[in-house]
Each structure stands twice: as C-alpha cells, then as structure tokens.
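Please brief me on this protein model. I want the overall build and then a few local sites.

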Amino acid sequence: MSNYTKILLEEHEMPTRWYNIAPDLPEPPPPPLHPGTMKPATGDDFAALFPKALIEQEMSQARYIDIPEAILDVYRLWRPSPLFRARRLEKLLDTPAKIFYKYEGVSPAGSHKPNTAVPQVYYNAQEGIRKLTTETGAGQWGSSLAFACAQFGLECEIWQVAASYRAKPYRRTMMEIWGGKVYPSPSDRTEFGRALLAENPDHPGSLGIAISEAVSEAVTDSSVRYALGSVLNHVLLHQTIIGEEALLQLAKVGETPDVLVGCTGGGSNFGGLAFPFLREKLAGKMNPVIRCVEPAACPTLTRGQYRYDFGDTAGLTPLMKMHTLGHDFIPEPIHAGGLRYHGMAPLVSHVYELGLVEAISIPQTECFAGALQFARSEGIVPAPEPTHAIAAAIREALACKASGEEKVILTALCGHGHLDLAAYDKYLSGEMVDLDLSDADLAEALKSVPVIA
Ligand SMILES: *Cc1c(COP(=O)(O)O)cnc(C)c1O
C-alpha cells in the first residue's frame with residue numbers, strides 16, 4: 001500500500017452551502033452589546049463597518065446559507081482541498097491511531113483565510129463599496145484579503161502589526177503583489193496610532209491596536225468598509241466549507257473521527273472544521289471529542305475569563321461575550337502570530353462554556369518539535385499556528401500507542417509555513433524559548449475588561 005493517502009473530492013462534489021451552527025445550539029449565544037447603551041447591538045450598530053449581507057449572516061438563524069456562484073467560482077481555484085491520511089507520521093510515531101489532516105495551504109494565500117476573504121469582498125462589491133480596510137498579524141489575513149480584493153476590483157488597505165511588518169517582509173510583498181497598501185501598526189495615519197507612537201516610537205503593535213486603526217479609517221468614509229479575518233459569526237460560517245468537505249471525504253473512506261483537534265487564535269479554522277462535526281455529534285450520529293489548542297503564551301480559553309469585552313484595543317467595537325485576556329493584553333512575541341489575539345470567537349467561547357468542546361494549551365517548542373516530525377514524514381512545512389494542532393494530534397497518537405487504542409484523529413493543517421521560515425530557523429538553531437504568561441501579568445491584563453453592572 002502507498003505511504004500517502006490523499007482523499008479528494010471532485011469539483012462537482014464541493015459543498016454549495018455554508019453551515020450556521022447558531023440554530024442548532026442548545027442555548028443561543030449571548031448577543032453582542034452596544035457599549036454606550038449596554039443593550040443588544042442591532043444591525044445598525046454594525047452598518048458603518050460591514051455590508052448588509054454580512055450583517056444578516058452575522059445574526060442569521062438559518063441553518064444553511066447558499067454560496068453564490070461567483071464565490072464558488074473563485075473557491076474552485078483551490079477547492080475542494082485535499083484530506084490526507086498521515087500514514088508516514090503514524091509510522092514514525094509507531095501508533096495504532098489513524099491521523100487525518102485537512103490541508104488548507106493549497107489556497108493562493110497559503111491558508112484557510114481566503115475561504116472568508118472571498119465572500120467578504122464579494123458582498124462588499126455587490127453593495128458598491130470601493131475600499132476595504134483591515135489588520136493583519138502574521139500577514140496571512142492581509143494577503144488573503146488583498147488576493148480577494150484583486151479578484152473583485154476593490155482597493156485594500158492593511159495595518160500590519162509592526163513587529164511582524166519588520167520581521168516578515170515577504171508577506172508584505174505578497175500583499176503588494178495583489179495590489180494591497182500596507183502600513184505598520186501603530187501608524188502615523190490614525191489618531192490612535194500617532195498617540196501610541198508618541199509614547200513609544202518602536203511600538204511592536206498588537207492585533208487589537210491594528211484593528212482599532214483599520215476600523216477608525218473605515219468609519220469615516222461611506223464608500224469604505226472594514227473586514228475581519230476571524231472571530232465573528234459570519235467568518236466562522238464561511239469557514240465551515242472546511243468541515244463540510246472533510247465530512248464527505250471521511251465518509252468516502254468509511255471513517256468517523258474519535259478526536260478532532262484544531263488550533264484557535266480567533267477560532268475560525270477551528271470552528272470551520274469542527275462545527276459541521278459538532279452538528280453530527282449533537283444529532284447523535286458520531287461522538288468525537290472536540291478540542292481547541294492554543295499557545296501557552298496566549299491562553300484565551302484555558303486561562304482567560306468569559307466576559308463581555310471589546311474586540312479591539314481602543315474600544316471601538318461592540319462588546320462581545322467571549323473568553324478574553326483583556327483587550328489591552330499584548331501577548332509575548334511567539335512565532336504563531338495568528339494566535340496572538342486577546343479574545344475568542346463568541347461562538348467558540350459559547351460551545352466551550354456549554355461543555356461541547358474542550359481546550360488545552362501547548363508551549364511553542366513542543367509545537368515546533370512536532371512540526372519537524374510532521375515535515376520530515378509528511379513533507380509539508382506547517383505554518384506556526386497549526387503546529388499547535390499537530391502537537392496535540394501527536395500527543396493523542398502517542399497516548400493511543402500506550403493504550404493500544406486505534407482512534408481516528410482529525411485536524412486541520414490550516415496553512416503552510418513557507419513565509420515563516422525565520423521561526424523554523426530560531427527553532428533549529430536552538431534559540432526558541434517558551435514564553436509563559438505569569439499570573440501577575442494575566443491579572444494586570446484582565447483589569448482592562450469592562451466591568452458591567
Ligand atoms: C489566521 C490564522 C490562524 C488563526 O486564526 P483562526 O481564526 O483561529 O483560525 C491560524 N492559522 C493560520 C494559518 C492563520 O492564517
């Protein structure tokens with residue numbers, strides 16, 4: 001038998017609907033709040049930020065939403081994406097477990113992010129929007145949005161977290177290739193950015209700060225909107241194409257997962273893979289353990305608090321009930337830039353709070369050790385973010401080796417690491433260290449969470 005098993009779908013088998021988990025949950029998630037009135041936010045509260053179609057999706061109670069043909073047409077550039085059985089990794093680990101990974105690195109930007117960038121740009125284009133603004137951490141989201149804007153003829157402006165702007169020049173080049181304009185954040189283009197630069201000209205920035213800058217730029221011009229690459233309900237909705245495809249692919253080989261693990265930054269690749277499987281679980285058709293994996297240095301679910309907090313540092317967004325480390329929190333500069341966010345998708349927080357999913361955190365050196373085992377057996381060099389999912393899958397596979405259980409493990413390899421080789425360099429040269437979050441620093445950061453009467 002071949003060492004590689006690649007499970008493919010034909011183009012015509014690609015799902016044509018996204019799955020909305022909201023109506024299937026045993027309790028509805030707490031609504032976002034308007035920070036002025038503390039009343040549930042309405043569509044109008046989001047109207048300066050997002051087009052109407054996306055606001056409707058954000059609040060929708062429809063179980064399925066049809067994917068417009070123009071979006072399917074762009075998806076077909078790389079979708080359906082392959083599901084692999086990691087036979088060579090299984091052999092290396094000498095485990096009776098079966099490990100499957102859904103590979104999203106085949107998209108033009110190299111990650112799962114274009115699954116939502118394309119629909120977000122499409123709906124903005126439909127409503128006559130001229131330009132989108134956004135933030136980017138590791139550069140994955142910025143490049144995905146720039147790619148999607150190029151497909152539909154929109155302008156794209158991106159605030160890239162300064163530390164990553166300096167460390168990752170090639171991601172910036174990619175954004176510029178697709179026509180995006182890129183600024184380091186904090187920038188001198190916004191009032192908030194100028195104030196931070198006045199305090200510290202070498203400010204490293206954070207995702208929360210970059211979101212504030214991109215939002216403040218969008219709300220001043222009615223032909224401009226803002227786009228967010230994770231966290232929101234409509235983003236997770238678009239990402240469910242990952243899980244819907246994976247369900248079909250596993251069915252082709254007659255498998256159902258016993259354990260599903262995914263890395264969580266804002267929760268979109270995790271929700272995208274997990275929610276269709278959670279639907280099956282809630283319907284009693286399968287019973288996988290579903291587990292979020294986050295960095296030990298940014299432990300939002302495992303050590304944060306489930307409270308209403310802002311999505312950005314300046315406090316411009318509606319308040320969202322989510323696990324948070326505090327909107328002022330600036331995570332240590334770990335290499336998985338896409339996981340350095342203080343909050344979590346409200347939908348992921350909610351299913352975690354309901355006990356429908358579990359969460360663990362893993363320090364980065366264990367993640368990179370796992371990534372090398374993966375790359376040397378399976379061949380693909382993972383992005384730093386999914387190395388957390390890989391390390392968790394390896395832990396599970398080694399537990400199966402000890403117990404003799406033949407579990408089926410499923411994960412998402414949500415991006416490749418070709419533009420993250422500097423991180424691998426640090427690991428290979430022995431310079432990478434684990435950055436822990438102390439209880440004192442955590443308590444300090446949590447002080448920024450608003451106290452609600
Ligand atoms: C952005 C990103 C993440 C983190 O975001 P989620 O919304 O949690 O998926 C993880 N992996 C990759 C490759 C990313 O680009």
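The briefing below runs from the whole chain to single residues. This is a predicted model: local features need pLDDT of at least 70, side-chain atom pairs count only at pLDDT 80 or more, and totals for chains, interfaces and linings use all residues. Residues are numbered from 1 along each chain as its sequence is written, and side-chain values use heavy atoms, with hydrogens and water left out.

**Overall build**

- The protein holds 18 helices and 15 strands. Both are DSSP runs, numbered from the N terminus: helices are H or I with at least four residues, strands are E with at least two.
- The radius of gyration is 20 Å, close to the 22 Å from the globule rule for 453 residues, so the protein is as compact as a globular protein of that length. The radius is taken over C-alpha atoms, and the rule is 2.2 Å times the number of residues to the power 0.38.
- The C-alpha trace spans about 60 × 50 × 50 Å along its principal axes.
- Of the contacts with a separation of 6 or more, 77% join residues 24 or more positions apart. Contact means heavy atoms within 4.5 Å.

**Surface and charge**

- Of the 453 residues, 61% count as buried. Buried means under 20% relative accessible area, exposed over 50%, and partly exposed in between (1.4 Å probe, protein chains only).
- The accessible surface is about 16800 Å², and carbon and sulfur atoms own 51% of that area. Areas come from the Shrake-Rupley method with a 1.4 Å probe; for residues, only the protein chains shown count as cover.
- There are 39 positive and 53 negative side chains, with the centres of the two sets 4 Å apart. Lys and Arg count as positive, Asp and Glu as negative; His and the chain ends are not counted. Each charge is placed at NZ of Lys, CZ of Arg, CG of Asp or CD of Glu.

- H342 sits in the loop between β13 (319-324) and α14 (346-353).
- A polar atom of the H342 side chain lies 2.9 Å from the backbone oxygen of F310.
- Beyond its neighbours within four places in sequence, H342 is in contact with residues including T300, D309, D312, M322, H323, H327 and F329.

**Cis peptide bonds**

- The bond from R79 to P80 is cis, with omega near -5°. P80 falls in the loop between α3 (69-75) and β4 (83-85).
- S185 and P186 are also joined by a cis bond, with omega about 5°. P186 lies in the loop between β8 (181-185) and α9 (191-199).

- M38 has phi near 65°. Its loop runs between β2 (17-19) and α1 (43-46). M38 is partly exposed, at 35% relative accessible area.
- D94 has phi of about 55°. Its loop links α4 (87-93) and β5 (98-103). D94 is exposed, at 52% relative accessible area.

- Q61 is placed in the loop between α2 (52-59) and β3 (64-66).
- Not counting residues up to four places away in sequence, Q61 touches N20, A22 and P23.
- Q61 and E444 are 383 residues apart along the chain, and their C-alpha atoms are separated by 38 Å.

Technical notes
Polar contact = N/O pair within 3.5 Å; in protein donor to acceptor, adjacent residues only side chain to side chain.
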